[in-house]
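Here is a short walk through a protein model, from helix packing to backbone details.

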Amino acid sequence: MAQIGPRLDENVHFVKESLGYSNDIVIRELVLDSREPVRAAILYTDGMVDSHMVQGVLINSLLYKTRFKEVELEREEDLVPFLKDTVLTVGDIGDVNNFPELFTAMLSGCVIILIDGYEKAMAIGLQEWKDRGVTEPTAQTVIRGPREGFTESLRTNITLLRRRIASEKMWVETRRIGEVTKTEIAVVYIKGLVEEGVIEEVRNRLDRIDVDGLMESGMIEELIQDEAYTPFPTISNSERPDVVAANLLEGRVAIIVDGTPFVLTVPSLFVEFFHSAEDYYQRADFSTLIRMLRFVSFFIALLAPSLYIAITTFHQEMLPTQLLISLAAQREGVPFPALVEALLMEIAFEILREAGIRMPRAVGQAISVVGTLVIGQAAVEAGIVSAAMVIVVSITAISSFIFPAVNMSIPVRILRFPLMLLAASFGIYGIIVGVLGLVLHLCSLRSFGVPYMSTFAPFSFKEQRDAILRAPRWMMDKRPESITKRNMRRQPPNLKPKPPEH
C-alpha cells in the first residue's frame, strides 16, 4: 500500500502497523465542523515538533476556526485548499501523495494531516528538537576571528552562512541520501561565481550515491572524491562558517550534511590545507611568516626521521666531527639499528597519541604528556634507543600538530614509514626517489577536475599572492583562477591605503 487511500481508518492503521506501533508517534483524531462533519487525524513524531505550535495553533485552527458552515464550498474537493488558504495559520505547508513521502516527512519533524475522503495528506513544517547550539569550534581554533561554529542542525548551518552572505545569489539545493536514514544534504553555491561544470559534477556524484545510511560528512567525502587510492585529502572540511563563506566567495561549492558540524567544500587544492582562517585576520607579514613555518614543518614531519636514518647509516661524512662522535657515543650501547629505533619510537608515540584522544578528557592529556616523558626517558636510560632519536621523533611529532587542517597530518603520519624504509635501504637516494614519486602522485591528483597542485603545477604567478605568501588585502583583487574563471574581479584594484592629502 504505497498510495494514500480515501479511508482515514485504513491510512491510520497502515501508519501504525508500518512503524511498529511506536510510542513516539502521536496520532490525534479530530472532527472538522463543516457542513457535514469530516474526520481528520494529526500525526507527528514526539520530540521533533514544536508541541506548543501543534496544540495552540494547529489544533486550535482546525477545531475552532473551521466554523465554515456559512461558507458554501462548491465541491467537497475544495476542503483541503480552503484549509490551506483560510484556516491554517502556518507557513510551510506541502502536499504528500504517498506513504514513503509521508513517512519521510513525519520522521523529519513535519506534522501530517490526513482527512477522511481525500487521497492526499498535508505536511506542515513545525520542526523543533534539542540541538547543541552555536558554540566555539573545537577543531579549528583561532586567536583572532569569529567564535561561531557549525552545529549538527542543517537549518542552523545554512542560517549561519546566510548571515555572512546576505545575497540572493547564494543558492541552496537539498536532497536526501540513504535508503534507510534518508539524510538531508544541502548543496550551497553562489550563482555566477561557481563554474557550471563543477556544480553539475557535484550533483551527479551525489546522485550516484546509493547506500543505506549516512552518519557523517566523511562518508560522503569518501564516496565523491576523485581518487580513491591516495592518502591526501582532495576535499576540505571545516566547522567554521567564516571559512566556508570565504570558500563560497572564491567560487567553491559547499556540501552540508544534517547531523554533523563539518561542512565539505570543493574543489580543494593542496596549498589550501596549510591556510588558516586567522591568516586573513592578522597582518599580511605575520601571516606570511606563519605560513612559511607551516610548510617547513610539513617537510620536518615528513622527512626528519628518514633523514636521520639515512645520515647515521650511510652518510656519516655529512655530519660535523664533534656531532658524529657524540652520536656514536650515544649509540654505543643501543642494540638496534637506527631504523628499528625510529620504528619503535614512532609506533610508541602513535599509540600515546591515540590513547590521549580516546581517553576521558580529564586524564587523556595527562596520559599523553606523562607517558611520553616517562617512556622516552626510560627508553634512553635502558639503552633501547638513543637520546638523539628521541629528540628527532619529538620534533617530528610536534611539527605534525601545526597544520590548521587535521586531515593533512594523516598522510604525513602514513608516508613517514615508507620513507623511513627507503632511507634504511638506499640512504639519501631512496629518500629522493620517494619524494619524487610523492610529487608525481600529487601532480596527478585532481579535485572535481581542478589540478590538486594548482598555483604550483600548473604554476600561476598571480596566485602566489595567496599560496605560500599572503599578500596584503588590497593586492588580492581577483579570485583564484584555478577555481573559477567567472566574475574574477572581487574588488577594485589599487586600494592601497595612503595618508590623507592636505
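At what angle do helix 5 and helix 8 pack, and how far apart are their axes? This is a predicted model. In it, helix 5 (residues 154-164) packs against helix 8 (residues 241-249) at about 60 degrees. Their axes lie 9 Å apart. The crossing of helix 5 and helix 8 is right-handed. On the helix 5 side, the residues that meet helix 8 are Leu160, Leu161 and Arg164. Helix 8 brings Pro241, Asp242, Val244, Ala245 and Leu248. Sorted by class, the contact of helix 5 with helix 8 holds six nonpolar residues, two charged and no polar.

Now move to helix 9, which spans residues 284-313. Helix 13 (residues 387-399) packs against helix 9 at an angle of about 155 degrees. The two axes are 8 Å apart. Angles over 145 degrees count as roughly antiparallel, so helix 9 and helix 13 are roughly antiparallel to each other. The crossing of helix 9 and helix 13 is left-handed. Helix 9 contributes Ser297, Ile300, Ala301, Ala304, Pro305 and Tyr308 to the contact. From helix 13 come Ala388, Met389, Val392, Ile395, Thr396 and Ser399. Nine residues of the contact between helix 9 and helix 13 are nonpolar and three are polar. None is charged.

Helix 9 has a further partner in helix 11 (residues 338-358). Here the packing angle is about 160 degrees, and the axes are 9 Å apart. Helix 9 is therefore roughly antiparallel to helix 11. The crossing of helix 9 and helix 11 is right-handed. Pro305, Ile309, Thr312 and Thr313 of helix 9 make the contact with Ala338, Leu339, Ala342 and Glu346 of helix 11. By class, the contact of helix 9 with helix 11 has five nonpolar, two polar and one charged residues.

Is Ser306 buried or exposed? Ser306 has a relative accessible area of 0%, so Ser306 is buried. Leaving aside residues up to four places away in sequence, Ser306 touches Leu419, Met420, Ala423 and Ile431. Compare Ser306 with Ala245, 61 residues away along the chain. Their C-alpha atoms are separated by 40 Å.

Next, turn to helix 3 (residues 79-87). Which residues of helix 3 are buried? They are Leu79, Val80, Phe82, Leu83 and Val87. These residues cover an arc of only 160 degrees around the axis, so they sit on the same side of helix 3.

Now for the backbone. Most residues other than glycine have a negative phi, and most peptide bonds are trans. Where does this model depart from that pattern?

Start with phi. Tyr21 has a positive phi, near 50 degrees, and is not a glycine. Tyr21 lies in the loop between helix 1 (8-18) and strand 1 (25-32). Lys182 is another non-glycine residue with a positive phi, of about 50 degrees. Find Lys182 in the loop between strand 6 (170-177) and strand 7 (183-190). Lys182 has a relative accessible area of 33%, so Lys182 is partly exposed.

Then check the peptide bonds. The bond from Val266 to Pro267 is cis, with omega near -10 degrees. Pro267 is in the loop between strand 10 (263-266) and helix 9. The bond from Ala457 to Pro458 is also cis. Its omega is near 0 degrees. Pro458 belongs to the segment after strand 12 (450-451).

Finish in the segment after strand 12, where Leu495 is also found. How accessible is Leu495? Its relative accessibility is 44%, so Leu495 counts as partly exposed. Leu495 and Asp477 are 18 residues apart in sequence. In space, their C-alpha atoms are 8.8 Å apart.

Key:
Residues are numbered from 1 along each chain as its sequence is written. This is a predicted model: local features need pLDDT of at least 70, side-chain atom pairs count only at pLDDT 80 or more; totals for chains, interfaces and linings use all residues. Side-chain values use heavy atoms; hydrogens and water are left out. Axes are lines fitted to C-alpha atoms, for helices over the stretch in contact, and angles run from 0 to 180 degrees between N-to-C directions. Helices (H or I, at least four residues) and strands (E, at least two) are DSSP runs, numbered from the N terminus. Angles under 35 degrees count as roughly parallel, over 145 as roughly antiparallel, 65 to 115 as roughly perpendicular and the rest as oblique. A crossing is left-handed if the near helix is turned anticlockwise from the far one by less than a right angle, and right-handed if clockwise. Contact means heavy atoms within 4.5 Å. Ala, Val, Leu, Ile, Met, Phe, Trp, Tyr, Cys and Pro count as nonpolar, Asp, Glu, Lys and Arg as charged, and the others, Gly among them, as polar. Buried means under 20% relative accessible area, exposed over 50%, partly exposed in between (1.4 Å probe, protein chains only). The arc is that of the directions from the helix axis to the C-beta atoms.
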